[in-house]
Amino acid sequence: MAVEVAYEPKAYVSDGSLTARTIEWPLRQPSDLIVTVDDHARTLNADFEVNGTYPSQQIVPLAGFAADGETVRYRRATPIEQGYAITGQSLSRTSLEAQLDLQAMAAQEAAADLLRAPLAPYGGAGGGLFPTPDGDGGWALTPSGPGAAGPAGPTFLTLAAFRAAPVTNRKQALLDPAYPSGDYYFETANAPYAETLPLVIKADSMALSVGAWVQQTDESITSRDTRFEHAPALALRKWIEGGVVNAKQQALPANFDHDTDDAWEHLQELAEDMEALGSRNTILLPTADTYRISQQLAFGANKGSGIMGFGPGKPIISWVGATLDPETQDDASGAMITWGGSDHAWGGIKDVVLFANSKAVHCLYVEGDITPGFKIDDVHGQHALLDIVSVATAGSSASPVNMIINALTAYPYIPTGFDGVNAVCGRSVLRFRLNGSVGQITVRDANIDNGAYSFVDIDFPDDLAGIDFLFENSRFEQNRSNGDIITLNYASGVSAPGTLTFRNCKHALGAGGSSTTNFVRNTSGSAKRPDILFDPLLTNDALTNVYKDDFDSGKTVPYALADHFRKRFEIEHSRSVTSGAFPSISRSHGVENVIDATATPTAITKYDQDKRFTNAFVGGGGAITFTLPAVATVPIGFKLSFTAVLAAAITLDANASETINAGTTLVSSGSVGDSVTIERSAGGGWVTTVKAGSWT
């Protein structure tokens, strides 16, 4: 853009409404806008938002932004930086113009600030003079000396009380004997902050990413501004969940040929230099060229590292190294790009195309902790031998696992004529081998082609499995026969499983002759599996099964029964303290669950707490026997219900030497409507609590 509009700070009196205000001059990025209300700082995305682009860019107040009669002031604060390195390459007009815009905007702001300053006459000495208000809205120069004291803020005698004070105080003092006394102002302009007692103190009510109490010392504000710590860095709007990222610009040697030269050495060296700067840095690939790498590009020495395209088109990272072995390198060693280490908070990859060229085992391999949010954004992966993206936190600490995948497109490697499950042929698009007590994996706006084994492989080899999966606005296109979309493999254990949700997702058959056998398939030898919700599932062709259970075929949900999947349909599991996961078809969402038996006898497990069973099942119905779980495996108060919907007897078997109402079995009369609820008693057996019809 060109800077053609005059700049001056603006102000208006609020009427208390949330009416948007058009900004009169351009911004480089929303975080450059400083807003105060009656001289109290307001925070971007917490108190207000900035929407649109100049000349239609607006301040959009959020709830509590300003009351009627309060004065809103806003100004621009452009970082004074120069991030365009000229290294002998041809000059970029776009990058040069962006730097000139930055300097021009910063100069406008400096000129506007000068208008507020008191001025000494030309040729006169200014020494010994002190600026004071002249009473008419201007300034006068008077001999220096003590002036009137400014308004004093509250004083706190302990650090705890200081932290707990509201940030609306704006100014306050600390007199804790453990620290040097001093005055503090609450600042937001240089966020994010790091607490360094006693200079910078975190407020209990505000994250350091937003603001902090800063001691007023003789040290200049500029020297405390983290944006000035690394002069080579180009400040960008952080693409990973807000904030500002320090971004080292990619630099390649003169005469570098993108079509033939190997970029690995330069990118890896840059990655190591970048991580040495500290957290939240990313490599920029500013042109839509091909970056050929012959060796693995590795991140992980510092949390928050990443790589991103920064141009109108996507750069391509292409694997030109040796063909890797999918059998011996099904780990980080087989990937084009890896993130290792213990913490990938805010790390990720954005706006990049990855070509494995049927040689690399994985396009991306992420291992270790991924807290609080590793992000893959607008990435295309193609032709990996096993997985496009493989995430492996199994064996790591039990910290929360959080990951966001936006706008992923992928096409795995499948040899011509291949039609079978084989570990060396495009196994999956997304593979998760996780260990985490809580967290969420979110996949949005994805367009995923098939893998030979499944599209998405979810594996919890350890007990910790309480992670939720959300697939939203995503499309799964099947181009082979007898394939599965999602495969599950949860280890047995006591921890409660998470959930699996599909919101506005679509299934489609692509190539002629393709078919999907199971949309979700439990492949494990464990009864543990997540709650599953489709809201809705849309498909252009029939599936064999919406849910297939290899552990218990009686829990399989054929597509013929799944009309509700086109609307809102849920396969629910017990979320009791005993945990676990046997699914049941929820005929009408929100009512008591019904499990349709498929064979006799049918064993009930500790995972079926509060479920209701009937004697109707796929393909027919009739007399059926249910074997109850051993009382030692379920808690006192564990309940089960049974209802005869067909004129046939239901038999409850107490399991070996255990009892129901002091007997070993309980049998209905065979009449429609016979129903009973039983409960595990404190005495060690089963007792009836509700009964209708005749049971003996």
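**Notes on selected sites in a predicted model**

1. Ser-668 is buried, since its relative accessible area is 6%, and buried means under 20%. The model is a predicted one, and every point below should be read with that in mind.

2. Where does Ser-668 sit in the chain? Its place is the loop between β51 (665–667) and β52 (675–680). The side chain of Ser-668 comes to 2.9 Å from the backbone nitrogen of Ile-650. Ile-650 is also among the contacts of Ser-668 when neighbours within four places in sequence are set aside.

3. Next, a sheet. Four strands form an open sheet in the order β1-β7-β3-β4, and the pairing is antiparallel. Which strands stand at the edges? They are β1 (10–13) and β4 (40–42). Each of these has a single partner strand, so one side of each is left without a neighbour in the sheet. On average, neighbouring strands of this sheet are turned by 25° against each other, with direction ignored.

4. One pair within that order can be looked at residue by residue. Strand β3 (residues 33–37) pairs with strand β7 (residues 71–76) over 5 bridges, in the antiparallel sense. Val-35 stands opposite Tyr-74, a residue of β7.

5. Which kind of peptide bond joins Tyr-54 and Pro-55, cis or trans? The bond is cis, with omega at about 10°. Pro-55 belongs to the loop between β5 (48–51) and β6 (58–61).

6. Asn-357 is not a glycine, yet its phi is positive, at about 55°. This residue is placed in the loop between β23 (348–355) and β24 (362–367). Is Asn-357 buried, partly exposed or exposed? Asn-357 counts as partly exposed because its relative accessibility is 34%, and that class lies between under 20% for buried and over 50% for exposed.

7. Asp-378 also has a positive phi of about 55° without being a glycine. Asp-378 lies in a strand, namely β25 (residues 374–382), whereas Asn-357 lies in a loop. With a relative accessibility of 27%, Asp-378 counts as partly exposed.

8. To compare the sites by burial: Ser-668 is buried at 6%, while Asn-357 is partly exposed at 34% and Asp-378 is partly exposed at 27%.

Notes:
Residues are numbered from 1 along each chain as its sequence is written. This is a predicted model: local features need pLDDT of at least 70, side-chain atom pairs count only at pLDDT 80 or more; totals for chains, interfaces and linings use all residues. Side-chain values use heavy atoms; hydrogens and water are left out. Helices (H or I, at least four residues) and strands (E, at least two) are DSSP runs, numbered from the N terminus. Buried means under 20% relative accessible area, exposed over 50%, partly exposed in between (1.4 Å probe, protein chains only). Two strands pair if DSSP finds at least two bridges between them. Axes are lines fitted to C-alpha atoms, for helices over the stretch in contact, and angles run from 0 to 180 degrees between N-to-C directions. A polar contact is a pair of N or O atoms within 3.5 Å; within protein, one must be able to donate a hydrogen and the other to accept it, and residues adjacent in sequence count only if both atoms are side-chain atoms. Contact means heavy atoms within 4.5 Å.
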